[in-house]
Protein chains: 2
Amino acid sequence: MNIKTYIHDIGVKALAASRKMAVLATRQKVAIVKAMADGLEARREEIIAANKADLEAAAAAGMSGPMLDRLTLTDARFRAMTEGLRTVAALPDPVGKVIKRTTRPNGMRIEKRRVPLGVVAIIFESRPNVTADAASLCIKTGNAVILRGGKEAVRSNKAIADALQAGGAEKGMPQDAVQFIEVTDHKAVNELVGLAGYVDVVIPRGGERLVRAVVEHARIPVLKHYKGVCHVYVDKKARQAQALKILDNAKCQRPSTCNAAETLLVDRAIAKTFLPKVGAWAAKKGVALRGDETVREYVPAALPATEEDWYAEYLSLTLAVRVVDGVGEAIDHINTFGSHHSDAIVTEDAAAAERFLDEVDSAAVYHNVSTRFTDGGEFGMGAEMGVSTDKFHARGPMGLEELTSYKWVVRGEGQLRG
Amino acid sequence: MNIKTYIHDIGVKALAASRKMAVLATRQKVAIVKAMADGLEARREEIIAANKADLEAAAAAGMSGPMLDRLTLTDARFRAMTEGLRTVAALPDPVGKVIKRTTRPNGMRIEKRRVPLGVVAIIFESRPNVTADAASLCIKTGNAVILRGGKEAVRSNKAIADALQAGGAEKGMPQDAVQFIEVTDHKAVNELVGLAGYVDVVIPRGGERLVRAVVEHARIPVLKHYKGVCHVYVDKKARQAQALKILDNAKCQRPSTCNAAETLLVDRAIAKTFLPKVGAWAAKKGVALRGDETVREYVPAALPATEEDWYAEYLSLTLAVRVVDGVGEAIDHINTFGSHHSDAIVTEDAAAAERFLDEVDSAAVYHNVSTRFTDGGEFGMGAEMGVSTDKFHARGPMGLEELTSYKWVVRGEGQLRG
């Protein structure tokens with residue numbers, strides 16, 4: 001098979017399908033997404049069998065425990081997948097909504113109206129449920145979607161995609177509105193992200209290496225975050241008991257997520273009183289600390305931190321700790337070493353809080369709240385496609401609205417430009 | 001000079017300046033932009049002298065009439081430049097505006113707030129006034145800007161940029177908020193558009209070749225349009241006199257612009273009555289027609305059109321003409337051959353008009369209005385940075401709001417994720 005031709009053909013078909021998707025009424029899209037859920041249930045056995053085959057191949061190839069776990073479609077995960085589709089079906093449709101309406105002095109009426117993006121490509125790793133989540137969000141917003149999963153999950157993903165297509169087709173979904181790339185060769189990704197004129201955006205979801213490879217080859221817009229190096233800054237005016245609770249939640253509630261805290265910044269004015277509490281908490285919760293000299297003075301168990309630690313996304317129970325001279329130095333540290341994802345200040349000082357919220361250049365900034373809330377569901381979007389740390393198009397959690405664009409619709413009676 | 005180091009250094013300085021710009025109050029930004037206008041007036045003689053030097057070098061290098069004209073800073077153009085700055089100073093500031101505000105069930109307050117993009121790079125050709133226009137829009141929205149003009153205008157652009165910096169500095173503009181790239185080597189552009197982490201967006205303004213080169217090398221988001229292949233479709237239910245006026249305005253009012261019409265589509269049902277009128281109009285206005293067989297039947301003066309004509313952006317008094325079977329075929333033609341810029345239908349049939357407005361996949365779609373209105377000023381934005389035909393971030397005319405992003409600001413009392 002010629003990969004270039006194969007991928008180009010997928011792009012052509014997706015573009016044609018996107019034109020049909022764009023003009024579907026909301027009730028049609030709702031019916032299609034519900035039918036996709038029915039489609040999954042109808043093919044449950046095939047999907048579970050495909051997943052078993054993936055798991056066997058992965059085990060044979062020596063895949064490790066947590067990776068193997070992420071690949072597994074349990075009963076609960078299968079149910080969550082179909083429930084997720086029905087939730088998305090019920091969310092409000094942003095397409096067609098008029099964002100702005102004006103009448104110009106010459107009488108022409110201008111309407112800025114939400115439309116689908118067109119063709120959305122998603123490149124993801126491991127977890128097969130992303131196939132269903134991503135497809136449902138794209139279809140609900142009138143887009144066509146091209147799915148490319150990791151090769152370890154190719155049988156599961158293909159079975160799910162087939163079921164979604166079959167289900168959607170029952171309610172009139174265009175054949176090529178959901179396409180799955182079966183070729184596991186890495187060249188397919190490079191071709192896909194070069195499809196300018198066919199694909200409107202690519203969303204890579206996975207490790208930093210995957211995302212960097214996509215950005216390197218892309219000739220189309222990319223919605224992404226490389227990593228989440230999130231901070232909790234504890235100010236001298238913090239309620240220290242509250243600060244410890246927020247730190248614990250941000251670090252320990254789910255350490256492997258992009259909105260988990262990786263670095264704790266402590267105001268020098270409270271180093272003496274707060275750092276010993278951090279040491280005790282870390283010992284109790286099994287958190288490994290890496291600190292600067294002042295930190296190690298108060299927490300002897302902490303290993304010495306190097307500059308690399310300030311950039312590190314541990315995704316585990318390791319925490320970098322640094323002492324800073326107040327909110328100004330905390331902001332500088334975060335803007336210099338952070339990843340512009342999610343950062344929190346804990347303080348009772350309103351002025352310090354507002355300065356932090358204003359000056360930290362991140363997608364989400366928090367005052368006396370855990371960083372773990374950066375999430376489409378927690379923000380009330382109903383579902384999410386991922387999180388963007390770019391300042392372009394979408395920033396922070398991406399839900400349905402972030403999968404749309406707009407067009408300018410102008411009506412008049414023969415207006416001419418003078 | 002090492003170009004890579006030179007450009008990298010500009011990026012580092014722009015990023016630092018952008019952090020200072022982002023927190024300026026509206027009144028400070030207004031004062032700065034007004035002072036930039038004063039700065040231009042204070043250095044009027046130096047700027048005009050630099051422009052004379054550019055013109056002499058260009059003439060010596062054999063530059064032709066219209067190109068030389070675009071390069072010339074006349075008195076009127078100088079005045080327009082300073083007036084433009086004062087207009088931008090007076091426009092409403094989008095930064096700080098709260099787009100959305102919600103309180104979640106756990107009590108945390110979420111605010112989606114407009115912020116500057118950060119660092120904006122602009123790559124443009126010829127007309128030196130773009131230096132002032134682009135800088136003022138970026139500064140008014142709290143961004144830092146990096147300017148790269150064409151080499152034929154380098155002395156004029158440099159003199160203008162110096163004057164803007166000196167003027168702005170009087171009111172506290174950070175030194176590096178406006179930077180001009182003096183190196184004319186093309187490698188500088190490739191380095192500039194690779195500055196991921198320093199530059200947030202690049203806006204190429206110029207011919208298709210320039211834009212394609214930028215997209216090819218960019219590792220950061222690009223806001224752009226390649227070309228404007230705009231259509232006027234005259235439906236069988238059109239008022240033909242009105243259709244001719246709209247066609248005349250779209251084609252002849254300023255043929256060199258991206259929103260001028262390049263292709264006329266005529267409903268087969270009125271070919272016999274309408275095409276002879278088009279022929280008479282073209283003869284009178286000096287418009288060269290390229291038509292399909294049916295067109296040439298009714299307009300013998302038309303040359304035969306090839307498929308290339310359907311893709312062509314003539315930017316001159318040439319017009320491609322095609323007969324189509326109703327609104328459906330018109331939509332297909334536009335979506336296939338057009339550039340997704342600006343397209344108009346002329347009809348009294350409301351259903352046909354709505355179908356056209358819904359299904360034509362362009363930044364601006366018009367019913368009984370000339371395509372020439374796709375412009376920030378005409379849309380009421382007050383000024384424009386360019387026009388985007390992408391569906392990402394900004395579509396259509398780009399004004400101040402399109403130079404902003406947003407951040408999520410979350411306030412609470414110790415909320416933790418469960």
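Beyond its neighbours within four places in sequence, A:Phe356 is in contact with A:Tyr233, A:Val327, A:Ile331, A:Ile345 and A:Val365; contact means C-beta atoms, placed from the backbone, within 7 Å. This is a predicted model, in which local features need pLDDT of at least 70 and side-chain atom pairs count only at pLDDT 80 or more, while totals for chains, interfaces and linings use all residues. Residues are numbered from 1 along each chain as its sequence is written, with chains lettered from A and ligands numbered from 1 in the order in which they are written.

A:Phe356 is among the residues with the most contacts inside the largest nonpolar core, which has 127 residues. Such a core is a set of buried Ala, Val, Leu, Ile, Met, Phe, Trp, Tyr and Cys residues joined through C-beta atoms within 7 Å; buried means that 20 or more other C-beta atoms lie within 10 Å of the residue's own. Helix H6 (residues 129–140) of chain A gives the most to this core, seven residues. A second, separate core of 126 residues includes B:Val199 and B:Ala344.

In chain B, four strands form an open sheet in the order S5-S4-S3-S6, with parallel pairing. Strands (E, at least two residues) and helices (H or I, at least four) are DSSP runs numbered from the N terminus, and two strands pair if DSSP finds at least two bridges between them. Strands S5 (178–180) and S6 (201–205) of chain B each have a single partner strand, so one side of each is left without a neighbour in the sheet. Five bridges join S3 to S4 of chain B, and B:Ile122 stands opposite B:Leu147 in S4(B).

Angles run from 0 to 180 degrees between N-to-C directions, and axes are lines fitted to C-alpha atoms, for helices over the stretch in contact.

| Helix of chain B | Strands touched or crossed | Angle |
|---|---|---|
| H7 (residues 154–170) | S4 and S5 of chain B | about 160° with S5(B) |

Elsewhere in chain B, helices H2 (residues 26–42) and H5 (residues 75–90) pack at about 170° with their axes 8 Å apart. H2(B) and H5(B) are therefore roughly antiparallel, a label for angles over 145 degrees.

Chain A can be laid on chain B with an RMSD of 0.0 Å by a turn of 180° and a shift of 0.0 Å along the axis, superposed by least squares on C-alpha atoms of residues with pLDDT of at least 70 in both copies. The two copies are thus related as by a two-fold rotation axis.

Methods
Buried ≥ 20, exposed ≤ 12 C-beta atoms within 10 Å, placed from the backbone. Contact = placed C-beta atoms within 7 Å. Parallel < 35°, antiparallel > 145°, perpendicular 65-115°, else oblique.
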